[in-house]
Amino acid sequence: MAVTCSNGHENLDGMTFCEECGVELTALTDRAPAPAPPPPVPMATEPDAAPAPAVAGTSDPAGGSGAETVVSVDQVLVPEPLPPAAPELASAAPVAAPPSGGAYIEVASGPFTGRRFTVTEPSCTLGRWDMDSGAFPEVDLSDVDSDAKISRKHAKITKDGGRFLVEDLGSLNGTSHNRSPRLLPGDQRELHPGDELIVGRLFLRFGVG
Amino acid sequence: MQTVDIIVRSYRPSVLSDSEAFSQTVLIAPRVSGEAAPTGAASVALVVDVSGSMSVENKLEHAKSAAQLFIDHLRPGDRLAIVAFDQDARAVAPLGTSADASAMRAAVAAMNPGGGTQMGKAMKVARQLMSGRGAESAGRVIILTDGETADEDMCRSEARAASQAGLPISTYGVGTDWNTELLTYIAETTKGRVRHIQGAADVAGDLAGEFRDLQDTALTNAEIEVAPSQGVTVRSLHRVVPDVVNYPIGASGDGAVTVGDISRNPASAPQFLLDLVLPTRPAGAVRVAKILMRYREVGLTDVRETEPMNVVVHYTADRGEVAMVDPEIKRLIDLRAASGMVAAAEKAMKAGDTARATTLLTSARAVTGRLGQAQVTTKLDQAIEELAKSGDLSKETRTTLLSGTRQTSKLDGFGG
């Protein structure tokens, strides 16, 4: 027997949350169509299957310096108005607009942190502009490469259907994807928003929207 | 029998429904309770810089005291190796037990300062010695140095080799001449710690704290695996206790992230913050991610995993409910932010942007002041003043600031 969630995913009977999208399943079976009233706040986590966490927490009277760092077992909440006063400090602040525009890469290290370059489609070369050798990369990193570790034709991002793939173009100082070991030239890796690229000594972040 | 589980909690358990995308921070705190396996033991390689500069302020003498403390506190089954290095590296004492204590003491007493600094060679010797430890023991290399090393590339490749072998390396820099970037790289790569020792007199106590903590290690080679639900994006994973470290994690969150050793002492057990971006949804409870931890128990060799924990978020239109947050997590988020601001200020300094560095340090100061972190706040005040006067920061201020804001909990030594 299967339970279908509100988004149409089939789940085995007895599951509490949809394996696919995370929607609560019990709400569907127990309280048919009406939107489930929000349950009392505290329980933010529950074990996947039934058994409750058996251990009642090591009540170590670790006084002194370490005491502040020990997590209490039960969650106690305090009100904190939304949005928070200093958005960069607290979480639950609204994040950037949902994906709409094209892909970009953003400099994530050094003096030019935050500078964005548009990732052109269907393919986009990253490197340093050099008329003499005929290198005309779509993303010209000459200005932001203070260490001069980026090759003229360093890396390439290709759009393949809905996916973005990155590859190294045989650069001198290499390309790393999410801190991977140096990519072999031509070895394509799929990029997801938020992924990190290292070209030479420069950190970049890939994003969409 | 010991029980292992993870506490998983959301900063804001309820979020606004039918609104824009929200970020959510989740606390992950591994917890170990019950009796440890009787065969559990610690294996440590203490690597001591004996280059000429270590004779200044009697640093080497203090390092020797630390080694003697280690020998004094070897439990049955614990093993200790001591490696000394200048331009060469040698195993002063091979991996031995408390039965070898007298030979170890004599070897420590015979260490003399002199010569250059090639730390990579010592790391290799330590790694080779540690390969003889049992897979069931908690292993760690603890390095003490006071200067720049001549073989930085070898240090980096040795760090990667140690990481492959599941061997954490903790690095302790005394004074201000050491290479912050390199020691940080080694510790982060191997999931060890990097610490700054203020003065020579603190050497023994700080190193003893690390050894004490190693003896408390309950789990090694721990990995955290995050499975986000559809539409949920993983932004980042940080260790925030005992110090702030960023663990690279892909946006899809797939694959496990190695987080290293887990202490059974709740005061020094690591805690992690996971940042997620949640999609817009109608009202109702939603599991936004499943989190589990995989680990090896010290004393045993098989790999186990905890029950997967659900991160459940309640989407609601009730703004009063949405305003409720977890103050413990807020404190950790703020500590992480302060550490990030100081790191960003350091970068701004390097780029010559003093104005931005001042702004960042002032923001960090506001956070640490609010959290009652007196020591760090004082240091930040000094730094801001120094910056205003000279337009730059001394190496000493940079080092103490960076490590001061990173460190969120102190390791206790052998009780005095």
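What you see is a predicted model, where local features need pLDDT of at least 70 and side-chain atom pairs count only at pLDDT 80 or more, while totals for chains, interfaces and linings use all residues. Residues are numbered from 1 along each chain as its sequence is written, and chains are lettered from A and ligands numbered from 1 in the order in which they are written.

**View 1. The domains of chain B.**

**View 2. Where domain 1 of chain B meets domain 2.** Here 14 residues of domain 1 touch ten residues of domain 2 in chain B (contact means that C-beta atoms, placed from the backbone, lie within 7 Å). On the domain 1 side, β10 (217-228) and β13 (256-263) of chain B each give two or more residues, and β13(B) has the largest share, with five. Strands are DSSP runs of E, at least two residues, and helices are runs of H or I, at least four, numbered from the N terminus. That side of domain 1 holds four nonpolar, eight polar and two charged residues (Ala, Val, Leu, Ile, Met, Phe, Trp, Tyr, Cys and Pro count as nonpolar, Asp, Glu, Lys and Arg as charged, and the others, Gly among them, as polar).

**View 3. A six-stranded open sheet in chain B.** Follow the strands in the order β6-β5-β4-β7-β8-β9 (chain B), and you'll find mixed pairing (two strands pair if DSSP finds at least two bridges between them). At the edges sit β6 (89-96) and β9 (194-197) of chain B, each with a single partner strand, so one side of each has no neighbour in the sheet. Zoom in on β4 (residues 42-49) and β5 (residues 79-85) of chain B: they run parallel, joined by seven bridges. One of the partners to look for is Arg79(B) in β5(B), which bridges to Ser43(B).

**View 4. Two neighbouring helices, α4 and α5 of chain B.** The axes of α4 (residues 152-164) and α5 (residues 180-190) of chain B come within 8 Å and cross at roughly 15 degrees. Axes are lines fitted to C-alpha atoms, for helices over the stretch in contact, and angles run from 0 to 180 degrees between N-to-C directions. Angles under 35 degrees count as roughly parallel, over 145 as roughly antiparallel, 65 to 115 as roughly perpendicular and the rest as oblique, so α4(B) and α5(B) are roughly parallel to each other.

Terms used: Two residues are in contact if their C-beta atoms, placed from the backbone, lie within 7 Å.
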